[in-house]
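Open the model in your viewer and keep the selection panel at hand.

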Amino acid sequence: MSAAAMLPELADDAVLDAPVLPGQRNALRSVPASGESGDGNLDDPLRLGRAMRLRLRAAVQALLSDPSIAGLKDAAKLAAVVLYAKSRAPQGEKDDLQTSIWGSELGRWMGVKESTVHHKVLPVLRGSGALRTRVVRDAKGHPTGLDCLVMPLWNAHHGGGAGHPLALSKAELATLLRLIEALFGHGWRPENKEPTPPGLLAGRTGKGAATDRLGLLLMVLNTRASGWLQLCGGSIKKKEGRGAATLARLLGCSPSGARKVLARLTEAGVVARQRKSTTTRMNGRGKVMLLPVARAYGRTVASVEAVQSSETVFLARPDGACGDHAPADVAGALGTSGICGAEGGESAGDQERPDGAELHAVHASVVTPVVPPQLSCGFSGEGRGGEGRRPERVCVREDQAVDGETAAAGSASPVAEGGPLRGEKPKESSVDERGGQRAAGAVAGGRLKAVGGGKAQQQRRVGLPADLGLRVALGPVSGLWERLSGWQQDQVEAAARAELARLEGLLALPGGAPRLLADRLTDRLKETGGDALVDRPYPWLIRRGLVQRQACTDRRCDDGIRLDTGGECENCGNVVHIRRARRAKIAAEVDRELPGLSEGERRRVLEERLREQVAIEAEGLVRRREQARAEQARRDAARAAARKRAEREREAAAAADAVRQALPCEDCGQDQTAGLCETCDHRRQTETLIGEAGLLAAAWSADLTDLGNVAAVVAEVRTAIGNSIATAWQEFLQITDVAALEANPQAAEDAYAFAAFQTAQQAVQEYQDNALAMLGRTEEAEAEARRAYKAEQGRPWFQHNPNGADAIAAATKAADAARERVSEYLLTARLEQLREQAAARTETAAPAPWTDRLTRLAARSLDGGTAEAVTA
């Protein structure tokens, strides 16, 4: 049976649920509270038997490793775990595996908002195929919940059988749900039932809340009855610690991210971290205790508080000793034999069997100091430095400071570091103020340290930079990186970043620069013979490893290989071919000019001429470069001159525009109007539009040869437009405040001019449409329409049925288009004729200059009335 047949209504694109209805909380089941008193309550959800804990751990790990969930974020993973725990275990073949929940409730389980569940959790799970959902609605169609089916669980029951890790029974699923409720359940108070208190991390919400909750669940499932987390083995980074490395493997994240999660859980009071210390004053292995698990199994309050306190608990045995070799008093004092000790040696509440040493070998329980502890820690080879070389002469390198990265630096005595050699008497105490400043200036984080009271120096980093591109690029030379100082590492990192940026500019597709640089460093190391033969890593990296070696003039060439394609450089092949051809040509010239030369003499002459040819080409290259530099300088000077010229032109245009803006209006004399105010501009445009409307009317209704008829039509149009303007103005006055216009005459003039302009625009459009319609009825237009109609009917595709519906429609359309073209042509031609006539009349009626007019007026005699007016 398929999933679709099992639950046909569940679809990946189902809508999300609605808010929780008040009457639906009564069905929630109550579970006992997680024990906080440390009394070892047998009903505590955190008190799991070994078989149950392993069963639940296998189920959760199988769920998180499912292909549909493995690559998702922690919020989606936690949602899958919660829905899996709330699923109903089947009692028969027809029982379903789904669970009912609301988006807001699922958000409270995860410590995130409901919008995050709707947008970043459920859609992701449905998209990956890990979840199928169906909206549950009531009789009125309102959504009342969301049925969810976890597909890995369904596949386990229908494909994996009863032995699948995900195929938990009803009791096992209930136990997992009780555990989750005790860890981060949000708590609720159902009616007529015992309230369920919130879990340990119920108050942890917001960013990272889902990661913290998932991490706590995985750590609890990997914690024994002693309360100590089972730490991973193998080599780890010293900075993160073994606890962070263990949590990183559980969550599938980086150790640095797991260290942050562990710090937040420690701050929340559910995790306690401790580093064992030994009588040798060396730091022992780190340990992580799950305090709720320890309390659930009835560990004593004193032992839990001792781990939770900030003081270090010193042991009377080395860190490595564990198992049955542990002293009885130590085991009794701590209540546990350690992370690698036997769990059976604890209290009666420990329900799991003893385990042997899992991580490290068993060492002796007692270490006898060989030398006094104030001078040394008793390790052989301590005087040889951090490299463990064979002992040399007494005075060899004993005056050098021990590197801060070595283990000997932490245990070396101040007397041995700054004091005299054997047999010499110190002139002053070696533990002086300067040494104290050195000790006080050491930073635990390890970035800056004070050396002898001098300036701060950058400490070197053992690992590669955190940037992924740099880690990929510098991966082949990680051994050389560890040998660099802090300043040298910074310089190499900067050079690598610059080279990566340059390579990205040469590639067509982004993201390939780190791999190219890594291949280049690998090839350079092969040429050298390995990093062991590199005596000075810093010069080798800066001058040889990171430098591109172009074998030709192509910028993409590196040792004869194209960086963008990875194949052989074609330009290098051309260069080799040209050089071989040149050598063959010169050899032929030598054989022709000097035929009797011996083989050695011929080779010498040939090499001399080749050197001369190379020198000539070098001179030509230098000359071309000089010419290119001169040309580039000339172009730069031309661009600078063009920029200056453009700047001067912009300044001149700005000055001219400023002068123009200061000019008064030509018609009314208003200041600062750029020569023409808005009102006068509207008046001029209105006058032009009225004249255009008169010409449009005269183009079809007047006799163009009769100037008087044309003038009459133009005057009639002017009168009609004037009446329209008056009507529009009256309509405007009816909808505006007349008193405000009377109080501001300038505003009234502006409004009237704008109303007249708009009326004239509309009139011009109407007269133009009327003129085209009337000219389309002329004989010329009709004749052209008839010709177009017949031509369309005569088309080859209409010859078989020229009177059909399609032929008639096409012919009618062609006739209308021809009629429109003719009307537009006639209107354009007649308007051009009228404008020429108007221009001729304007030139004829142009007024004479004032000088000529005054001369003629002065020559005229005054009549009686004019003389009397002048005399008076």
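In which crossing, left-handed or right-handed, does α25 pass α27? The crossing is right-handed: a crossing is left-handed if the near helix is turned anticlockwise from the far one by less than a right angle, and right-handed if clockwise.

This is a predicted model; local features need pLDDT of at least 70, side-chain atom pairs count only at pLDDT 80 or more, and totals for chains, interfaces and linings use all residues. Residues are numbered from 1 along each chain as its sequence is written, and side-chain values use heavy atoms, without hydrogens or water.

**Stop one: the helix pair**

Select 707–734 (α25) and 745–775 (α27). Their axes, lines fitted to C-alpha atoms over the stretch in contact, lie 9 Å apart at an angle of about 130 degrees. The two helices are therefore oblique to each other. Now show side chains. Contact means heavy atoms within 4.5 Å; among the residues that meet are I721 and W729 in α25, and Y752 and Y767 in α27.

**Stop two: α5**

Select 114–128. At 1.5 Å a residue, these 15 residues should span 21 Å, and the end C-alpha atoms, 20 Å apart, agree with that. Look at L122: α5 bends there by about 25 degrees, and P123 follows. Colour the buried residues (under 20% relative accessible area, 1.4 Å probe, protein chains only): V117, H118, V121, L122, L125 and R126. They pack against α3, α4, β2 and β3. Just after α5, G129 has a positive phi of about 85 degrees.

**Stop three: G208**

Select G208, in the loop between α7 and α8.

Terms used:
Helix = DSSP H or I, 4+ residues; strand = E, 2+ residues; numbered from the N terminus. Expected span 1.5 Å × (residues − 1). Bend = angle between axes of the 7 residues up to and from the residue. Buried < 20%, exposed > 50% of the residue type's maximum accessible area, 1.4 Å probe, protein only. Axes fitted to C-alpha atoms, helices over the stretch in contact; angles between N-to-C directions. Parallel < 35°, antiparallel > 145°, perpendicular 65-115°, else oblique.
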